[in-house]
Amino acid sequence: MKDQNLCLSARTVTKIQHEKGVWRMQEKKTKQLYHKMVRTCTLIVLFIVTSLTLYFISDSRSGQLEENRGALRGISDQALNYIEETGRTADYIHKDLYRSSQELEDLLAYFRLNVDAYQYYSLDQYIKSPDLVYKSSFRFFNETFEAYSQLEKIELISYQNLRLTECCPGEIVYPGGDGRARMKQVQADNYCEKGKLVFLKEIRHPDTLKPMGCMLFTFHAQKELEAILAASPYANMAVLYSAGGVIFESPKNSNYQRQIWDKHAYVCTESARGHLVYTFLDERKASRIPAARLALFLTVGTTVGAAGILYIRYFVARLTGRVDLILSAMNQVTTGDFKVRLPVGKKNDELERIAENFNEMCEKLEMYIEKSYLEEIERKNAQMQALQSQINPHFLYNTLEAIRMKAICNGDREVGKMLYSMVVLFRSQLKEADVITLGQELDYCKQYMELFEYRYQDCFHSSVECAPELLNLSIIKFVLQPVLENYFIHGIERDRKDNRVSIRAERKGDVLFLHVQDNGCGMDEGLLREKNRELEENQKNLQNQKSQKSKGKAESVGIQNINRRIKAVYGEQYGIHLKKAEPKGLTVTLSVKAEAFQREETE
């Protein structure tokens with residue numbers, strides 16, 4: 001005994017170790033799945049976050065570059081507007097001079113006469129004026145300087161004597177200068193100065209339109225252009241006049257041509273009043289993101305990535321935990337425990353459906369095993385009954401024939417007819433196939449009902465109605481006889497004289513209906529609904545079967561048996577339905593598929 005106990009203990013320890021090894025392997029596999037999912041999802045999150053961060057950085061660079069480009073175009077427009085406005089100022093001064101005839105005549109005289117002669121001319125004009133007020137051209141220029149603070153100087157060049165006169169603010173005049181060099185610059189279109197805007201206006205005689213001289217208006221431009229350029233730290237500008245000279249350049253003393261031809265340069269080119277304006281920037285510098293914004297992008301990307309990875313670890317842990325529960329339940333099922341059930345929540349996802357299907361599978365397996373057990377018992381009983389029924393059935397058949405012949409010889413013809421009907425039923429049960437014609441089935445019913453007509457003489461009648469074209473339809477054997485038997489057991493009232501059973505066959509489409517109607521005891525409404533429900537569901541009460549088997553009782557052949565046979569052969573849409581007959585009794589309707597009978601070939 002001790003050796004046996006030691007052996008059992010060793011086996012138990014081995015089994016426990018084996019189960020622990022299995023669980024460790026399963027746990028290892030689960031951990032592998034966990035780590036694999038975490039790694040994969042982490043890489044996906046890092047890829048998405050990195051891609052989004054790079055995208056936002058790239059988009060921000062593009063936005064920064066486009067913003068600086070817009071600022072550059074604005075600077076170009078402002079510089080162009082400034083040159084246009086300065087040119088319009090020069091145009092206005094020139095036109096304003098022509099509006100005053102006295103001032104224009106004075107300037108023409110200055111161009112025509114020498115210095116001394118002009119002084120005598122201006123003195124004579126002053127004396128001739130009635131109010132002793134003489135509007136000379138130099139007075140006009142002083143008023144112009146007062147009106148336009150950006151005007152630096154006005155140069156006058158006479159075409160007749162090439163005399164140069166410079167007029168400056170504050171009534172400062174430098175007359176009598178040699179204008180030959182300046183005239184050459186005018187003729188060569190090279191009269192502009194660096195950091196200044198110079199506009200040339202020619203003076204013609206109003207009557208002969210003969211050129212008498214010209215005026216050069218010089219405006220301050222350096223500070224104004226620098227102020228315009230200060231709107232963008234990345235913008236540079238170069239302003240050139242028609243001869244190619246540089247008026248303004250930023251940065252100073254730089255080669256603007258090399259910069260505007262750089263492949264990374266963005267250039268805007270404008271022209272106005274003989275001036276060419278280049279505004280340009282280096283796109284590499286202009287697209288740089290501020291350090292604070294770049295730090296913000298990196299911080300947000302890092303935070304989002306870390307939060308995503310933590311959530312993934314939490315989500316995967318919960319997911320693999322649910323998978324562990326499923327694996328544990330499956331392992332218990334492999335040991336034969338079908339009572340295990342998985343918890344089902346309200347997530348309505350795939351794992352919840354797996355859990356529901358798993359629970360349903362366990363229930364069906366349990367029912368199937370129980371049903372298989374009962375069916376095995378039924379099969380054994382059926383085999384036993386078959387073996388018993390095979391004990392020389394021809395002996396019983398021949399014995400009934402001998403008794404029938406003896407009754408006929410003794411003149412008892414009614415007993416002979418009853419024995420004949422019994423012999424016919426017995427013969428059909430032994431020799432006929434499982435599928436027969438409707439006509440044969442109705443003949444068996446007639447023979448069966450004749451037996452009870454002999455038994456209940458003058459108090460029982462029967463009838464059969466069937467169209468001739470329905471007699472050759474096929475039907476499984478003995479589906480009507482149990483219904484009739486049920487009537488003779490439970491429905492007939494022996495104290496009445498008008499007991500009646502009728503069988504009527506009709507066809508509707510592909511369905512054959514057999515109506516068995518009686519005027520017996522019938523069935524109350526509640527029991528009738530319960531029976532119809534059981535017939536429709538086509539399921540047995542397993543507990544009743546167990547109790548019947550435990551008591552050794554064989555299940556009787558009845559309406560439930562016929563219903564199962566019909567549904568098994570023809571399908572679930574066919575079967576039996578019970579209905580209360582009017583005014584009294586019960587109508588049993590059997591529905592089967594209407595098929596033509598095909599006789600089986602025998603060798």
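Q: Which residues have the most contacts inside the largest nonpolar core?
A: The model is a predicted one. Its largest nonpolar core has 57 residues, and H1 gives the most to this core, with 10 residues. Those with the most contacts inside the core are Phe141, Leu156 and Met237.

Q: Which residues does Met237 contact, leaving aside neighbours within four places in sequence?
A: Met237 is one of the residues with the most contacts inside the largest nonpolar core. Its contacts beyond four places in sequence are Ile75, Ala79, Leu225, Leu229, Phe248, Glu249, Ser250, Val277, Tyr278, Thr279 and Phe280.

Q: Is Ala79 buried or exposed?
A: Ala79 is found in helix H1, residues 2-99. Not counting residues up to four places away in sequence, Ala79 touches Leu225, Ile228, Met237 and Val277. The C-alpha atom of Ala79 is separated by 6.9 Å from that of Ile228, 149 residues apart along the chain. The relative accessible area of Ala79 is 0%, and because buried means under 20%, Ala79 is buried.

Q: Are helices H15 and H17 roughly parallel or roughly antiparallel?
A: The axes of H15 (residues 525-537) and H17 (residues 559-570) come within 9 Å and cross at roughly 30 degrees. Angles under 35 degrees count as roughly parallel, so H15 and H17 are roughly parallel.

Q: How many charged residues does the contact of H15 with H17 have?
A: Glu534, Leu535 and Glu536 in H15 meet Ile559, Gln560, Asn563 and Lys567 in H17. By class, this contact has two nonpolar residues and two polar ones, and the number of charged residues is three.

Methods. Residues are numbered from 1 along each chain as its sequence is written. This is a predicted model: local features need pLDDT of at least 70, side-chain atom pairs count only at pLDDT 80 or more; totals for chains, interfaces and linings use all residues. Side-chain values use heavy atoms; hydrogens and water are left out. Helices (H or I, at least four residues) and strands (E, at least two) are DSSP runs, numbered from the N terminus. Buried means under 20% relative accessible area, exposed over 50%, partly exposed in between (1.4 Å probe, protein chains only). Contact means heavy atoms within 4.5 Å. Axes are lines fitted to C-alpha atoms, for helices over the stretch in contact, and angles run from 0 to 180 degrees between N-to-C directions. Angles under 35 degrees count as roughly parallel, over 145 as roughly antiparallel, 65 to 115 as roughly perpendicular and the rest as oblique. Ala, Val, Leu, Ile, Met, Phe, Trp, Tyr, Cys and Pro count as nonpolar, Asp, Glu, Lys and Arg as charged, and the others, Gly among them, as polar. A nonpolar core is a set of buried Ala, Val, Leu, Ile, Met, Phe, Trp, Tyr and Cys residues joined through side-chain atoms within 4.5 Å.
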